[in-house]
Amino acid sequence: MTAISANAPDPDRPARVSGIDKIERRRIALAESALKTLGELGYARTSLREIANNSEFTHGVVHYYFRDKIDLISYCVRYYKTKCAQRYDEVVETATSADELAVGFLGKMTQTLVEETPMHRLWYDLRAQSMFEDQLRPDVVAIDQLLEQMIWRILTRYADLVGGAPTVDAPTAYALVDGLFEQAVVGYAEDPEKVADLLADRVKQVLPKLVAA
């Protein structure tokens, strides 16, 4: 066995680059490449080979970094939804009035509906599949909690700005807003412009009702 110097890098530990190890960087690259295919085909019709065929990566490379389809899809959706949950942080932090917060929130919500509909379809597809695939359930639960916290940050900040308090708990607030968003995702293909405006109007109506002055 070859001796390893105390100052030498551990050969079993991936080298780190800018705080993210090389393996994780490659998994992120694969996830970004796979998301388009996943969004177009959905959970049931997507395989590792299909993802490889629609990317610059070979099937062997995809399989090296992800043990199976569920592992890859869970990672992709978790990666995407984590970014989604953070997109409203600036609005929450910089809004100086309830109206400003509502306008900023609704603007970003309708923007992501319009620009990233396939990704949201994939998420709701995956969440439905988690009722039948035990392996999916922990990731789906974790993502739901992340999104629930996002909605709660928005609602509590809105309540602070109007000098009130939420009238519902975090799970209820999330269920209401997410239900309206999911409905918009389902109906978006039929009439994109109308559905986006309708989503904004409905959430705008609901938001004040979730706060008591």
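Predicted model: local features only at pLDDT ≥ 70, side-chain atom pairs only at ≥ 80, totals over all residues.

User: Where is S130 found?

Analyst: S130 is in the loop between α7 and α8.

User: And what is S130 in contact with, leaving aside its neighbours within four places in sequence?

Analyst: With L136, R137 and V140.

User: OK, zooming out. How many helices and strands does the protein chain have?

Analyst: There are 10 helices and four strands. Along the sequence they run β-β-α-α-α-α-α-α-α-α-β-α-α-β.

User: What box do the C-alpha atoms fill?

Analyst: Roughly 70 × 45 × 30 Å, taken along the principal axes. The protein chain has 213 residues, and 40% of them count as buried. It exposes about 12,000 Å², with carbon and sulfur atoms supplying 51% of that.

User: What share of the contacts with a separation of 6 or more comes from residues 24 or more positions apart?

Analyst: That share is 67%.

User: Salt bridges next. How many are there in the whole structure?

Analyst: A search turns up nine. One of them pairs R87 with E116, where the closest N and O atoms are 3.0 Å apart. R87 sits in the loop between α4 (69-86) and α5 (89-94), while E116 is in the loop between α6 (98-115) and α7 (117-129), so this pair links distant parts of the chain, 29 residues apart.

User: What does D89 pair with?

Analyst: D89 meets R153 in a salt bridge, 3.3 Å from N to O. That one also links distant parts of the chain: R153 is in helix α8 (residues 137-162) and D89 in helix α5, 64 residues apart. R153 is partly exposed, with a relative accessible area of 35%, and D89 is partly exposed at 24%.

User: How about R127 and D178, how far from N to O?

Analyst: Their side chains meet in a salt bridge at 2.8 Å. R127 is in helix α7 and D178 in helix α9, so the bridge ties together parts that are 51 residues apart in sequence. Both R127 and D178 are buried.

User: Which residues are linked with R127 in a network?

Analyst: D144, D178 and E182 are linked with R127 in a network of salt bridges.

User: Tell me about D144. Why does it count as buried?

Analyst: Because D144 has 18% relative accessibility, and buried means under 20%. D144 is in helix α8. Leaving aside neighbours within four places in sequence, D144 is in contact with W123, R127 and Y174.

User: How far is D144 from A34 in space?

Analyst: They are 21 Å apart, C-alpha to C-alpha, and 110 residues apart in sequence.

User: New topic, the surface. Where is the negative charge gathered?

Analyst: In a patch formed by E190, D191, E193, D197 and D201. E190 lies in the loop between α9 (170-187) and α10 (192-209), and E190 is exposed, with a relative accessible area of 75%.

User: Last one: how far apart are the mean positions of the positive and negative charges of the protein chain?

Analyst: They are 3 Å apart, for 25 positive and 32 negative charges.

How values were computed. Residues numbered from 1 in each chain as written. Heavy atoms only, no water. Patch = residues over 30% accessible without salt bridge, like charges linked within 9 Å, V, L, I, M, F, W, Y side chains within 5 Å. Areas by Shrake-Rupley, 256 points an atom, 1.4 Å probe, with all protein chains shown as cover. Salt bridge = Lys/Arg side-chain N within 4 Å of Asp/Glu carboxyl O. Lys, Arg positive; Asp, Glu negative; His and termini not counted. Charge placed at Lys NZ, Arg CZ, Asp CG, Glu CD. Helix = DSSP H or I, 4+ residues; strand = E, 2+ residues; numbered from the N terminus. Buried < 20%, exposed > 50% of the residue type's maximum accessible area, 1.4 Å probe, protein only. Contact = heavy atoms within 4.5 Å.
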